[in-house]
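Please open the structure in your viewer and keep the selection tool at hand. The tour below moves from one selection to the next and says what is there.

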Amino acid sequence: MKPYRKLRGRMAEYDMKQSDIAEMLNKSHTYITQRINGHANFDLPEVYEICDRLEIPYEEIHIYFPRGNRAG
């Protein structure tokens, strides 16, 4: 199963690409790709910013950013 499956779905609903997230967070596309593919974790401020943009309630962070999505 792909890491961050729910987040990917929410991004699709909002027509938001990984490059849009990278630009929003002022990070490289590679940086975001590594996180969405589960090779590294998002920082908490990044999680909140993504939630704000995608209108994800903070109470649902655990659904979109579950523990254990880091592959290594």
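This is a predicted model: local features need pLDDT of at least 70, side-chain atom pairs count only at pLDDT 80 or more; totals for chains, interfaces and linings use all residues.

Select Leu7, Ile21, Ile32, Phe42, Ile50 and Phe65, which touch the most other members among the 20 residues of the largest nonpolar core. Helices H1 (5-13), H2 (18-25), H3 (29-36), H4 (44-53) and H5 (61-64) each supply at least two residues of this core, and the largest share, four residues, comes from H2.

Next, centre the view on Phe42, whose contacts beyond its neighbours within four places in sequence are Tyr4, Leu7, Ile32, Arg35, Ile36, Val47, Ile50 and Phe65. Together with Tyr4 and Phe65, Phe42 forms one aromatic cluster.

The structure holds four aromatic pairs. In one of them, the ring centres of Phe42 and Phe65 are 5.6 Å apart and the planes stand at 90 degrees, so the pair is edge-to-face; Phe42 lies in the loop between H3 and H4, whereas Phe65 lies in the segment after H5, 23 residues apart. Both Phe42 and Phe65 are buried.

Now select Tyr48 and Tyr58, whose ring centres are 4.8 Å apart with planes at 85 degrees, so this pair is also edge-to-face. Tyr48 is partly exposed at 33% relative accessibility, and Tyr58 is partly exposed at 41%.

Move on to Tyr31, where the charged end of Arg35 sits over the ring, 3.5 Å from its centre, and where Lys27 lies over the face at 4.9 Å from the ring centre.

Finally, select Arg10 in helix H1. Is Arg10 buried with or without a salt bridge? Arg10 has no salt bridge, and the nearest side chain of opposite charge, Glu13, is 4.3 Å away.

Methods. Residues are numbered from 1 along each chain as its sequence is written. Side-chain values use heavy atoms; hydrogens and water are left out. A nonpolar core is a set of buried Ala, Val, Leu, Ile, Met, Phe, Trp, Tyr and Cys residues joined through side-chain atoms within 4.5 Å. Buried means under 20% relative accessible area, exposed over 50%, partly exposed in between (1.4 Å probe, protein chains only). Contact means heavy atoms within 4.5 Å. Lys and Arg count as positive and Asp and Glu as negative; His and the chain ends are not counted. A salt bridge is a side-chain nitrogen of Lys or Arg within 4 Å of a carboxyl oxygen of Asp or Glu. Rings of Phe, Tyr and Trp (its six-membered ring) pair if their centres lie within 6.5 Å; planes under 30 degrees apart count as stacked, over 60 as edge-to-face and the rest as tilted. A charge sits over a ring if NZ of Lys or CZ of Arg is within 6 Å of the ring centre and within 35 degrees of the ring normal.
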